[in-house]
Amino acid sequence: MTVNFATKYPAALTNTAWQRRKNRLDKALPKTGLGPALTQAEAAWKDIPFKALDARTAKAVTAAKAKENLAAAKQIKKNEVKLGLAAVVKALKLAQRTSANKLLSGPACTGAREIAAGLDTLQGYLLHLTIDDLSHKVDELAAAANAEQALRAIELRREGGATANAPKAVRQLDGTVTVTGLEWELTAGNPRKLLNVLITVRATQTDGSLFINDMILTALSNDLKTARFKNP
């Protein structure tokens with residue numbers, strides 16, 4: 001289960017709410033320890049950065065950022081979530097024990113029982129909390145990044161007209177473009193003389209949009225079929 005529940009700590013499960021359920025005689029009895037345990041549970045719950053555990057609020061537009069978010073969420077589960085769960089379970093057990101305390105008034109026992117039920121719900125949230133959506137976000141953005149790199153219907157142009165065509169290319173994350181399957185126009189002359197020359201690279205991206213960029217030819221394969229370009 002991802003963070004699909006209200007993350008604000010319920011006011012009904014606070015020490016303040018518990019004190020209101022007790023009458024004067026209840027307060028004169030030996031301490032049950034429930035009040036301080038509720039205070040600890042509330043503090044531990046509030047220490048959990050739930051926004052960092054939810055892909056909807058842990059924003060990421062790149063696979064690298066998504067991986068950072070996932071790594072951070074794993075640490076939060078090991079630390080804050082674990083501590084929060086321990087505090088909630090401790091308060092839950094005390095609430096259950098207090099609800100059976102025959103020395104307390106009926107309203108106090110009822111209050112403790114209701115608090116126990118609420119804490120049990122919080123316990124369930126933390127026990128079943130997953131960060132699968134953050135993991136899926138990594139896969140989603142990685143796939144999107146790979147899709148953006150694919151180019152087809154490549155056309156190389158320099159001043160004066162068409163220079164070469166190719167069926168496909170790959171744009172790397174650093175901005176370089178590697179074109180394969182090149183067919184050079186006769187008017188291009190010796191392609192090796194175009195090394196370090198500014199050439200316009202035109203192509204179609206996988207989403208159908210046009211890629212156009214003036215780039216420098218930095219490398220050619222021996223058979224002249226593969227070329228690498230970089231931004232000037």
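This tour visits the aromatic rings of the structure.

Before you start: this is a predicted model, in which local features need pLDDT of at least 70, side-chain atom pairs count only at pLDDT 80 or more, and totals for chains, interfaces and linings use all residues. Residues are numbered from 1 along each chain as its sequence is written, and side-chain values use heavy atoms, with hydrogens and water left out.

**Stop 1: the cluster.** Select Phe5, Tyr9, Trp45, Phe50 and Tyr125. Ring pairs link these residues into a cluster. Rings of Phe, Tyr and Trp (its six-membered ring) pair if their centres lie within 6.5 Å; planes under 30 degrees apart count as stacked, over 60 as edge-to-face, the rest as tilted. The structure holds five aromatic pairs.

**Stop 2: Phe5 and Trp45.** This pair is tilted, with 6.3 Å between centres and 55° between planes. Phe5 lies in the segment before α1 (15–20) and Trp45 in helix α3 (residues 34–46), so the pair ties together parts 40 residues apart in sequence. Helices are DSSP runs (H or I, at least four residues), numbered from the N terminus. Buried or exposed? Buried means under 20% relative accessible area, exposed over 50%, partly exposed in between (1.4 Å probe, protein chains only). Phe5 counts as buried at 10%. Trp45 is buried too, at 1%.

**Stop 3: Phe5 and Tyr125.** Tyr125 sits in helix α5 (residues 106–127), 120 residues from Phe5. Tyr125 is partly exposed, at 26%.

Methods:
Helices (H or I, at least four residues) and strands (E, at least two) are DSSP runs, numbered from the N terminus.
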